[in-house]
Amino acid sequence: MKSVTLLSAAAVAATVQASPALNARANMESITTSGNAFFKGGSRFYVRGIDYQPGGAAADVDPLADTKVCKPDIEKFKKLGINAIRVYSVDNSLNHDDCMNALADAGIYVMIDANNPKYSINRKDPHPSYNAVYLQSVFATIDAFAKYPNTMAFFSGNEVIHDEKETTLAAKYVKATDRDMRAYIKARGYRKILVGYSAADVTDNRLQTANFFNCGTEEERSDFFAFNDYSWCTSDFVTSGWDQKVKNFTGYGLPIFLSEYGCVTNTRNFREIESLMHSNMTHVYSGGLMYEYSMEPNKFGIVKIKGGDVDGGVDQTGDRQELQPEFNNLASAMKKYPAPTGDGGYSKERKASECPKSDDHWMLDSGALPDMPEKAKQYLEKGAGKGPGLKGDGSQWAADSASTSENGVPTDSTGQTKGSSGSNSQDKSAGVRGQAPYFVSGVVALMTVLGFAL
Ligand SMILES: *[C@@H]1O[C@H](CO)[C@@H](O)[C@H](O)[C@H]1NC(C)=O
Ligand SMILES: *[C@@H]1O[C@H](CO)[C@@H](O)[C@H](O)[C@H]1NC(C)=O
């Protein structure tokens with residue numbers, strides 16, 4: 001009898017001790033989509049998050065592989081009251097259990113960019129960069145994060161297409177990657193993790209890009225569309241032009257959210273959240289990610305990491321200092337403007353777009369996509385194997401599938417483009433992904449971005 005009593009007492013103790021974490025984690029029901037909205041179980045889910053890449057692309061540090069980095073930041077996330085983060089650069093050769101579980105315990109979902117500076121589509125010369133070495137890295141990133149219920153989504157690319165018209169030609173390689181990621185997730189028997197693209201803040205091709213990623217077969221179409229937006233500068237719904245962005249996207253058949261939003265021309269009050277959570281927007285948009293957590297040279301951060309800018313930012317473990325009033329302003333705005341109850345007026349129909357036709361701003365004439373490179377197909381069956389991490393040889397010039405460009409002309413391996421700010425499409429010269437937003441409207445800001453990128 002005694003031993004039985006002891007046993008049950010021990011069991012009770014164990015239960016008590018484990019329950020807060022278990023409850024929170026059990027609550028991390030995976031995010032799904034229905035119509036043009038995200039759902040968590042039967043309830044609509046809004047992204048109320050922040051972009052997170054301490055040290056930016058310059059440091060290229062995976063913040064989810066080191067508890068000395070993620071743990072103190074998760075404490076800040078809790079204070080802010082956010083429910084999601086986006087991480088631009090992760091090392092697919094490392095273990096992420098501790099940080100991902102700690103995020104789950106805090107009720108935070110994670111969106112992962114499947115690319116990184118070395119393994120990405122080259123917007124200047126996309127065809128050869130869409131190869132098996134690249135896809136192996138992308139798939140290994142999926143393997144690294146698929147097991148966590150709080151992995152909300154993968155981005156198939158970030159700002160690869162920007163304001164130079166020629167970059168729209170890269171869209172089909174990014175969308176092919178998007179398609180291949182979905183195929184890999186399915187072939188490997190993972191749950192349906194969402195895959196979509198994160199577009200640059202470019203008015204000239206935003207709608208074409210959105211339609212392009214939502215046209216064609218079910219397998220080809222993204223699960224959501226996201227774009228980066230820097231137009232709300234201590235402003236309001238109408239002055240910022242967000243009302244037009246609602247109008248223009250009304251009827252779009254996929255969930256949409258802002259993968260970066262912010263502006264630093266004035267003290268930030270984050271009233272964006274009021275509109276994002278308001279019926280003005282909720283029938284078309286599902287929230288957004290504030291750009292960004294850590295203070296980097298482009299000055300969008302709300303937390304300063306001591307010493308994080310020394311030695312290229314390799315050490316991001318220093319003390320965290322909340323920058324005021326922005327940090328408290330964001331926390332207050334999150335509290336003041338909660339996610340609305342009810343269904344937000346979402347559209348229950350998930351419908352395809354027409355593929356855009358070529359015009360003054362868009363160069364592709366159809367939705368045709370390249371086939372998956374022959375050598376990459378084995379990964380669907382066998383798995384991708386060990387990821388190359390962030391320090392491998394890179395994939396942009398790994399010419400397995402293509403030592404020739406589409407028209408059969410040998411490719412030039414010196415292709416460089418200007419300011420790849422905030423981009424996954426890394427040119428060798430200036431990768432500041434996850435550190436600098438790509439502007440078109442803000443010429444001054446763009447110059448700043450380029451200034452420190454070079
Ligand atoms: C909305 O669409 C119109 C017509 O395509 C375009 O001229 C305008 O720039 C768009 N507005 C925004 C804010 O994207
Ligand atoms: C909602 O839209 C109306 C009309 O465009 C605008 O006047 C109002 O400021 C908006 N409110 C929010 C919170 O976006």
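# Sheets, helices and ligand shells in a predicted model

The model is predicted, and in it 3 strands form an open sheet in the order 1-2-3 with antiparallel pairing.

Q: How many bridges pair strand 1 with strand 2?
A: Strand 1 and strand 2 (residues 37–40) pair over 4 bridges in the antiparallel sense, and within that pairing the bridge partner of T33 is F38 in strand 2.

Q: Zooming out, how many helices and strands are there in the protein?
A: The protein has 13 helices and 13 strands. Of its 454 residues, 51% are buried, and among contacts between residues at least 6 apart in sequence, 80% join residues at least 24 apart.

Q: OK, the barrel next. In what order do its strands close?
A: The barrel is made of 8 strands that close in the order 4-5-6-7-8-9-10-11, and their pairing is parallel. Neighbouring strands of this sheet are turned against each other by 25° on average, with direction ignored.

Q: And strand 4 with strand 11, parallel or antiparallel?
A: Strand 4 (residues 47–51) and strand 11 (residues 285–290) pair in the parallel sense, over 4 bridges. In this pairing, I50 stands opposite M290 in strand 11.

Q: What about strand 7, how many of its residues are buried?
A: Strand 7 (residues 151–158) is mostly covered, with 8 of its 8 residues buried. Strand 6 (residues 109–113) pairs with strand 7 in the parallel sense over 4 bridges, and there the bridge partner of M111 is A153 in strand 7.

Q: How many bridges join strand 7 to strand 8?
A: Strand 7 and strand 8 run parallel and are joined by 5 bridges; F154 stands opposite V195 in strand 8.

Q: Switching to helices: at what angle do the axes of helix 7 and helix 8 cross?
A: The axes of helix 7 (residues 171–187) and helix 8 (residues 206–213) cross at roughly 40° and come within 10 Å. The crossing in which helix 7 passes helix 8 is right-handed.

Q: Which residues meet there?
A: On the helix 7 side, A171, K175 and D178 meet T209, F212 and F213 in helix 8. By class, this contact between helix 7 and helix 8 has 3 nonpolar, 1 polar and 2 charged residues.

Q: Why is helix 8 described as largely enclosed?
A: Because 6 of the 8 residues of helix 8 are buried, the helix is largely enclosed by the rest of the structure. The buried residues in helix 8 are R206, Q208, T209, A210, F212 and F213, and what covers them includes helix 7, strand 8 (194–199) and strand 9 (224–229).

Q: Now the ligands. Which residues surround ligand 1?
A: Ligand 1 is surrounded by T203, R206, L207, G241, Q244, K245 and N248. Helix 8 and helix 9 (242–249) are the elements that give two or more residues to this shell, and helix 9 contributes the largest share, 3 residues.

Q: What is the class make-up of that shell?
A: The shell around ligand 1 divides into 1 nonpolar, 4 polar and 2 charged residues.

Q: And which residues are around ligand 2?
A: Around ligand 2 are D236, F237, V238, D243, E274, S275, H278 and N280. By class, the shell around ligand 2 divides into 2 nonpolar, 3 polar and 3 charged residues.

Q: Last one, N266: where does it lie?
A: N266 lies in the loop between strand 10 (256–261) and helix 10 (272–276).

Q: Does N266 count as buried or exposed, and why?
A: N266 counts as exposed because it has 9 C-beta neighbours inside 10 Å, the cut-off for exposed being 12 or fewer.

Q: Which residues does N266 touch, leaving out those up to four places away in sequence?
A: N266 touches C233 and T234. Between N266 and C233 there are 6.8 Å in space, C-alpha to C-alpha, although the two are 33 residues apart in sequence.

Conventions. Residues numbered from 1 in each chain as written. Chains lettered and ligands numbered in written order. Predicted model: local features only at pLDDT ≥ 70, side-chain atom pairs only at ≥ 80, totals over all residues. Axes fitted to C-alpha atoms, helices over the stretch in contact; angles between N-to-C directions. Left-handed = near helix turned anticlockwise from the far one by under 90°. Contact = placed C-beta atoms within 7 Å. Nonpolar A, V, L, I, M, F, W, Y, C, P; charged D, E, K, R; others polar. Near = placed C-beta within 6 Å. Pairing = 2+ DSSP bridges. Buried ≥ 20, exposed ≤ 12 C-beta atoms within 10 Å, placed from the backbone.
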